[in-house]
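Biologist: Please take a close look at a single part of this model, the pairing of its strands. A connected account, with the cut-offs stated, would be appreciated.

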Amino acid sequence: MHRDCVFKTAKQQRALFELLESLGGRSPVEHLLDQLKFSPSVLKGLEQRGFVSIEEEIVGRDPFARRPPVQAMPHAPTREQQAAINALRAGSAGEIFLLHGVTGSGKTQVYIELLREVVEQRGQSAIVLVPEIALTPQTVDRFRAVFGDKVAVLHSGLSDGERYDAWLALRTGEKRIAVGARSAIFAPLSDVGAIIVDEEHEGSYKQGETPRYHAREAAIVRARNDGAVLVLGSATPSLESWTNAASGKYRLLTLPDRVAGGRLPDIEIVDLRQLTKRMSASRELHTGAMPSAFGTVFSPELEDALAVRLELREQSIILLNRRGYAAFVQCGACGDVVACPNCSITLTYHRAPERLICHYCLHEEPPRTECARCGGITLRQRGLGTQQVERLLAERYASARIARMDVDTTSGKWAHAEILDRVGRDEVDILLGTQMIAKGLDFPNVTLVGVIDADVGVNFPDFRASERSFQLLSQVAGRAGRGPKGGRVLIQTRLPGHHAVRCAVAHDYEGFIREELPTRLQPPYPPTVRLANIIFSGTSQASTAKLALAGAEWLHALLRARGEAGVTIVGPAPCPIERIKKRWRWHLLVKAESPGVLTRVSRYFVERFEVPARDGLRMVLDRDPVALL
Ligand SMILES: [Zn+2]
Ligand SMILES: [Zn+2]
């Protein structure tokens, strides 16, 4: 070989080696050869000299890369959409908009028109956050349909190589729109002109584990730093965002109607208390005729509505926000409920395989044959779960094609998208599921939504329980009637007078806010105050309680010494779920009107208050918690 050639090859090997180092030491081979144009011989040479190794990696096929294109723009913008688009395009750097649009009002189209301006006209980049990417493939498809290769979809199903490719493409500007769940807010884009947080009310934007952050809060900071316009979109905005819009901190844009002349579906209440009465009355009339198991779960109204849909070959969605077969198992003799040995919550009964499972620590055990307390053998399954509803439906409608979507049926990475695609291809008559089926789905042939039990969650020991119930009911109702056939929603409840139920039925978001806000005043909860939850935990119940009490005392002394006004301490008290994974839990709430004061006080406390190194004692600060369980 000629000297020059050797020299040149060595130089290229060196360049490739340095590049690999700068890429964190790893890169897909195709990337080096195809995009960066190194020759295979250069790579081979490095390998022969022992500087690099080439390994086979199992590459997950990214389904977003091979999903078929969808129709980009079904309608010209409505007047309201156009007004929102104009306002967003004229938005100033760091300005925050709250886009309140009813379900089916075409929020995604507004986002797309904003991105056209920002990305195509101004040549900037953009970030789009969606709550959970596996649950919103249709939304993602629409961005891809319009912006094609400019979109990088960031999701947990990517292989290391694919994730790496996506981040590099964003950093080099090859791709200009990052679409993803909460962590996409950190996408390595420069010159970001717009950030969109879709379904901004969703709890999944809060990362529950360290580093704890709320993607909506992170988006506000990034929009300010990058000079981007921020859009928070929702049919049911969080109370926090709504009050910020009301006070003028955010600018409110409203889409009050569905697009293309669509109407919001009619929602009817089925009062389960009446159903129980009717059942016991009919039992008295026909002695011995017990209502069927189906009849105890599905009211005649819901049953009729389902039968009509099956007849017409239209689709139905059935929501029950509780997975498993039965919520708990109870002794018929002494009333004892089977609980998790590690947590202070009941075990859920699952079938196929038959197990008792803790939904918090995943403890599993075989079902018992006798009560651990009294030895009784009449153990009853109480409280309905999706597995049981699926069985009831399958028994009643033998020829119906039923799909169940909950955590248990979607453990595979692409299970969600597969189920939803089947619904989209009309291969499913009844889609049954937990809250997973309430988000963002747009199937024109779904003309019935049935809620088995609206009260699951309303009585949760959490200050956001009503808000979450209202959001869930509104969102799932919004899945009905998105096509020309219209739609009907039936909500079964024992609490028809509860404002979460009543206002969802009336499509009355502002009415809900009017009733909910006063409940956050006394005692004050967000959005009236900002909240920090300090959680103490440990393996010993006594030392955990002692630590929490000492913490509260320390904090009170600090506030007194500093003369810090406007900060309230509540507690300490045992957490609503007192024990999780064998650890006892106590907590302390710190409330302040000013977020700055809250940060200063809670940080100071967490940094200075000493946690003894025994009994596994730990302390965690959860700023702006989404739940207090
Ligand atoms: Zn018993
Ligand atoms: Zn457990």
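Modeller: Two strands are taken to pair if DSSP finds at least two bridges between them; helices (H or I, at least four residues) and strands (E, at least two) are DSSP runs, numbered from the N terminus. The model is predicted, so local features need pLDDT of at least 70 and side-chain atom pairs count only at pLDDT 80 or more, whereas totals for chains, interfaces and linings use all residues. Residues are numbered from 1 along each chain as its sequence is written, chains are lettered from A and ligands numbered from 1 in the order written, and side-chain values use heavy atoms, without hydrogens or water.

The part in question is an open sheet of seven strands, which run in the order E3-E4-E2-E5-E8-E1-E9 with parallel pairing. Strand E3 (151–154) and strand E9 (251–255) are its edges, each pairing on one side only. From one strand to the next, the twist averages 15 degrees, where angles run from 0 to 180 degrees between N-to-C directions and axes are lines fitted to C-alpha atoms, for helices over the stretch in contact.

Within the sheet, strand E2 (residues 125–129) is joined to strand E5 (residues 192–198) by five bridges in the parallel sense. Across this pair, Leu129 faces Val197 of E5, standing opposite it.

Helix H10 (residues 239–246) packs on the sheet.

How values were computed
Contact means heavy atoms within 4.5 Å.
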